[in-house]
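Subject: Handover of a structure

Dear colleague,

Please find below the structure that I am handing over to you. My notes on what was found in it follow directly after.

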Amino acid sequence: MNIIKCYRKSLYRPAFNFFWKKEQKQQQTGKNDEKNQNQTGDWKGKEEYLADLRKKREEYEKMKIKNEKEVHTQTIRQAREHEVNYGRVDFAKVFIDNINIQYSSEFKHPEEMFNFLGTLKVQLTEKNLMSCVNAFIQFADRITEDDLIRYEFQEFQAILTKQIRIISDVENLIKITKLLDILCLPSEHEIWGQLEISILNRMSKLKLEQLLEILSHLSNQKEGSDQFWDQCENQIQDSINKLQDINQQYQSVITTLMCYWRVQRGTKQFVRGLVGIMLENSQDQQIYQQLPINTIIQGVLVMGQLCEKQDTADIVKSQHFKDYFNTVEKHLLQQFDTLNFEQICLISQGFGFEQGSEALMQKLESKILQDFDKYELSELKLIIKSFLLSYRGSKKLFKIMINKISSLKHEFTSIELAEIVKSYYITENDNQEFYADIERKILQRLKDVREITPQEIYEIAYSYLITRIGSREFYKLLEIVITFRFDDLRQNAILMGKLHDLYLKSALCDTKLIERMASVL
């Protein structure tokens with residue numbers, strides 16, 4: 001046993017002596033080749049390392065306390081931004097005790113509003129949300145298209161889309177609808193569908209004036225599903241029938257018809273019922289003395305559209321319908337000196353080709369000719385729509401318009417140019433040089449075969465196939481475009497059917513194309 005113990009001691013002694021000598025050396029020099037390396041690269045002993053560690057920890061604690069104090073001393077708005085940016089938000093508290101931002105005292109400029117919107121990652125109270133909506137309405141004339149694609153605005157849209165269905169106050173719902181009308185958001189945006197659901201859920205709480213204001217904004221943007229407009233009919237019809245004031249009832253009917261006319265909606269029974277109320281009330285000639293002139297003009301525009309509908313042919317032929325226009329014409333002639341440019345154009349557009357005396361039309365045209373050289377593009381387009389497309393202008397006016405249209409033809413769309421050419425041909429204003437000039441412009445659009453829309457193709461074909469004033473090159477190119485875009489055109493069965501009928505009657509294309517059209521109908 002003694003020999004074994006002696007052997008074990010001699011075996012382990014070298015390794016033990018190595019570690020023992022290494023520890024002695026570290027105590028003398030204070031260096032360690034494996035641990036406790038600081039940022040300068042020097043090695044430290046255990047005590048010095050612990051002291052340095054305690055010092056860094058104390059500095060970190062002091063900095064943390066300092067930062068917390070700085071956050072608490074910031075303004076309420078800066079503290080809110082700090083919480084949002086770093087995700088330390090009590091969402092329930094923010095939702096209930098949200099800061100009541102008043103745009104009139106806080107937001108002095110659109111950029112300030114956008115900077116605030118960039119910090120929003122939480123759900124807003126209805127009061128706070130409406131402050132932002134009011135700010136957008138206030139700054140509407142200063143907001144550009146570039147602002148609408150900013151990240152901050154996209155975040156605001158997302159918040160508004162999520163919360164629009166829980167808006168409790170119907171007045172707030174009207175303001176949101178107004179905002180969407182001002183911003184002209186695309187129809188594909190989810191917010192329109194959420195708005196429609198919210199309106200339908202609160203339909204019973206809406207008064208007639210509130211509902212018509214909402215419909216006015218929606219019709220401006222051509223929004224709302226068929227089901228939505230159909231459900232509004234019952235609410236409107238019941239409310240209008242309950243009105244005792246004839247003037248109020250008359251104005252409500254005109255506003256309703258205008259809304260449904262813009263979106264091309266309304267059941268036959270509903271439209272006929274409203275027109276019946278309007279014709280009955282119009283028999284009281286005193287009603288026009290109390291109505292605003294713009295309301296009377298809107299009524300003329302709506303009633304004029306009935307002439308183009310086969311569903312109301314019996315109403316158009318009735319004596320009440322003719323008496324309506326005669327009574328309105330007398331009132332307008334009495335107020336003629338007070339009419340402005342836009343009102344004159346809308347009156348001409350409303351009376352159209354069939355209604356109104358020649359004396360009225362001459363007076364309207366004479367006032368237009370007074371300052372014709374001063375009119376700009378937008379005003380020229382309104383004159384074209386009101387006098388040329390309604391076929392009520394004189395040849396003198398049409399000849400004056402030719403030079404101005406030719407000089408500004410690059411500012412018109414291909415559909416507008418096609419309608420102009422058709423109207424000039426129908427009114428027997430034969431000007432081959434003008435026709436050729438417009439044809440060259442439309443040919444440029446037809447050559448953009450991948451860009452031109454199916455609706456453009458149809459409108460161009462319609463105008464040139466019924467007038468037959470195009471060149472051989474024009475009709476050949478039109479046939480090529482239709483062949484190339486055939487798959488896109490066949491997606492719209494109604495449009496393809498109309499094209500087929502046009503070519504079948506005009507025979508201005510290859511019979512194979514007509515047969516191909518017929519095969520997909």
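On the side of H13, the contact is made by Ile246, Gln249, Tyr250, Val253, Ile254, Thr256, Leu257 and Tyr260; on the side of H14, by Phe270, Val271, Leu274, Val275, Ile277, Met278, Asn281 and Ser282. Contact here means heavy atoms within 4.5 Å. H13 spans residues 246-262 and H14 residues 268-282, and the two pack at an angle of about 145 degrees with their axes 10 Å apart. Axes are lines fitted to C-alpha atoms, for helices over the stretch in contact, and angles between N-to-C directions run from 0 to 180 degrees.

Please note that this is a predicted model, in which local features need pLDDT of at least 70 and side-chain atom pairs count only at pLDDT 80 or more, while totals for chains, interfaces and linings use all residues. Residues are numbered from 1 along each chain as its sequence is written, and side-chain values use heavy atoms, with hydrogens and water left out.

The chain as a whole

The secondary structure comes to 29 helices and 0 strands; these are DSSP runs numbered from the N terminus, helices being H or I of at least four residues and strands E of at least two. Of the 521 residues in the chain, 43% are buried, where buried means under 20% relative accessible area, exposed over 50% and partly exposed in between (1.4 Å probe, protein chains only). Among contacts between residues at least 6 apart in sequence, 70% join residues at least 24 apart.

Helix H21 (residues 377-388) and helix H22 (residues 395-407) have axes that come within 12 Å and cross at roughly 145 degrees. This contact is made by Leu380, Ile383, Ile384, Phe387 and Leu388 of H21, together with Leu397, Phe398, Met401, Lys404 and Ile405 of H22. H21 passes H22 in a left-handed crossing.

Salt bridges

The structure holds 7 salt bridges, each defined as a side-chain nitrogen of Lys or Arg within 4 Å of a carboxyl oxygen of Asp or Glu. One of them joins the side chains of Arg265 and Asp226 at 2.9 Å, N to O. This pair links distant parts of the chain, since Arg265 lies in the loop between H13 and H14 and Asp226 in helix H12 (residues 226-242), 39 residues apart. Arg265 counts as partly exposed because its relative accessibility is 25%, and Asp226 is likewise partly exposed, at 46%.

Glu416 forms a salt bridge with Lys381, with the closest N and O atoms 3.4 Å apart. Glu416 belongs to helix H23 (residues 414-426) and Lys381 to helix H21, 35 residues apart. Both count as partly exposed, Glu416 at 25% relative accessibility and Lys381 at 26%.

Arg445 and Asp448 also meet in a salt bridge through their side chains (3.9 Å, N to O). Arg445 is partly exposed at 23% relative accessibility, as is Asp448 at 37%.

Yours sincerely

Technical notes: A crossing is left-handed if the near helix is turned anticlockwise from the far one by less than a right angle, and right-handed if clockwise.
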